[in-house]
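Colleague: I would like a close look at one part of this model, with the cut-offs spelled out as you go.

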Amino acid sequence: MAELVTLTEAVAGLVHDGDSVALEGFTHLIPFAAGHEILRQGRQNLELIRMTPDVLYDQMIGVGAARTLVFSYAGNPGVGSLHRIRDAVEHDWPRPVAVEEYSHAQMANRYAAGAAHLPCAVMRGDLHSDLIQRSGVDRVVCPFTGEALMAVPALNPDLAIIHAQEADRHGSVQLWGIPGVQKEAVLGAAHAMVTVERIVDQLEPRPGGTIIPGWVIDCVAVAPGGSRPSYAHDLSERDNDFYREWDRISRERELFTAWMDANVHDRAVTR
Amino acid sequence: MTAVQDLEAAPTTGEIQTIVAARALAGKRSCFIGVGRPSTAALLARMVHNPELVLVYESGTIGAKPLRVPLSIGDGELAHTADLVVSVPEMFNYWIGPGRIEVAFLGAAQIDRHANLNSTVIGDYEHPKTRLPGAGGAPEIAIGCPEVVVTVPHGRRTLVITDLGVLERDPADGELTLTRLHPGVIVEQVREATGWELRVAPDLALTPAPTAEELTALRELVAR
């Protein structure tokens with residue numbers, strides 16, 4: 001059964017310097033509030049894992065909280081570059097960050113293998129891509145058909161953090177809308193933390209909804225609006241204007257730093 | 001993008017690119033849609049050529065029917081209007097990998113004369129001049145989908161639609177060859193905008209000009 005705690009307590013108890021942490025949510029339900037709390041508590045040297053780093057990891061890498069980024073698509077969807085991640089990779093500012101990159105299918109299968117507690121997943125892939133030498137994938141031969149396949153290593157982070165619409169008082173959570181890889185991330189990680197929009201007496205299963213029982217989650221914290229400027233299906237809209245505006249805010253180091261000070265570091269309550 | 005545009009104005013090169021891409025979806029059952037201009041072309045195809053076209057986005061939304069061009073591939077309208085919404089592992093392992101999605105519309109930062117796509121880095125990998133977003137879903141989509149259409153600004157395997165013309169692979173050696181010019185474009189312009197010595201098909205054709213219906217529908221869509 002998951003413990004119901006405050007966001008401050010959840011981050012203080014579960015996030016340590018140097019941890020590998022996956023804050024997941026595919027465009028939808030990105031756990032911004034939790035990420036910002038990690039920055040306010042000054043966690044350092046993290047290995048940050050996400051399929052689509054998005055504005056959240058642009059912010060976390062932009063302030064220098066990460067040593068490594070594991071990802072598959074580091075862009076601002078429909079807008080352009082993530083300028084802070086580019087600055088870190090191209091110019092080591094504010095600190096060098098190592099990158100480990102995969103394709104979406106490789107990352108998704110790494111999470112699925114992690115959830116299954118298997119050492120690897122097997123898939124069809126481009127065995128001739130230049131990137132194969134750069135990432136931890138390898139070839140295997142199917143013992144039944146002889147087909148050459150791609151093997152990708154399981155992903156088992158120290159901690160998975162996700163945002164969901166609701167939880168009950170036992171810390172079981174339900175999310176609906178685009179499900180991404182959140183269930184796989186939670187089941188593959190050593191520990192799991194969930195932020196939610198609200199606590200309800202009883203979860204009412206929704207069509208297409210994903211329910212994760214409280215007994216595979218360490219703790220749940222209420223964080224209304226905790227995915228903004230991403231969104232929570234049926235409860236809020238993606239703030240596309242902010243995603244466009246981020247392109248301007250994040251281009252210059254000074255403007256970025258001032259924005260982070262005003263909107264993340266100096267705020268007891270997250271956006 | 002939201003300003004209402006003059007419906008009488010001559011088509012821009014970008015509009016022609018989108019219109020030509022939409023035509024490639026006539027008669028197709030399903031289309032996988034990458035970020036950006038591919039989305040506009042696919043929505044236009046549903047308006048003008050193919051109202052039953054199944055739109056698939058890598059966020060897991062299958063059969064999405066957005067009224068407006070989404071900014072991201074995971075906008076809420078896609079999930080709200082989809083026939084089904086699946087997880088990322090399911091999308092790649094059950095739907096894209098087995099070839100269930102007929103056409104893939106992909107964008108890319110760079111394409112070479114053999115139609116290899118680059119969305120990783122420009123320059124040395126360890127010390128890149130430009131760090132690009134990364135592969136995303138493209139590698140497995142390009143392998144899984146039977147047909148791939150790439151839209152890039154001119155500056156897979158079957159068809160590359162740019163804002164100046166259309167390139168197709170030469171059956172003899174696979175090299176991308178200019179096979180069609182958009183209205184108002186001359187070969188010299190395309191040569192100048194191409195990073196290799198461009199091969200031009202002997203039977204170079206002209207893209208039929210956008211029809212009034214196509215242009216009006218596109219401008220109405222973009223202005224929504």
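Which residues in α5(A) meet which residues in α4(B)?

Modeller: This is a predicted model, in which local features need pLDDT of at least 70 and side-chain atom pairs count only at pLDDT 80 or more, whereas totals for chains, interfaces and linings use all residues. Residues are numbered from 1 along each chain as its sequence is written, and chains are lettered from A and ligands numbered from 1 in the order in which they are written.

From α5(A), the residues A:His104, A:Ala105, A:Ala108, A:Asn109, A:Tyr111 and A:Ala112 meet B:Val88, B:Pro89 and B:Phe92 of α4(B), where contact requires C-beta atoms, placed from the backbone, to lie within 7 Å, and helices are DSSP runs of H or I with at least four residues, numbered from the N terminus. By class, this contact has 7 nonpolar, 2 polar and no charged residues, with Ala, Val, Leu, Ile, Met, Phe, Trp, Tyr, Cys and Pro taken as nonpolar, Asp, Glu, Lys and Arg as charged, and the others, Gly among them, as polar.

As for geometry, α5(A) packs against α4 of chain B (residues 88-96) at an angle of about 115°, the axes being 9 Å apart; axes are lines fitted to C-alpha atoms, for helices over the stretch in contact, and angles run from 0 to 180 degrees between N-to-C directions. The angle therefore makes α5(A) roughly perpendicular to α4(B), a term that covers 65 to 115 degrees.

How values were computed. Helix = DSSP H or I, 4+ residues; strand = E, 2+ residues; numbered from the N terminus. Parallel < 35°, antiparallel > 145°, perpendicular 65-115°, else oblique. Contact = placed C-beta atoms within 7 Å.
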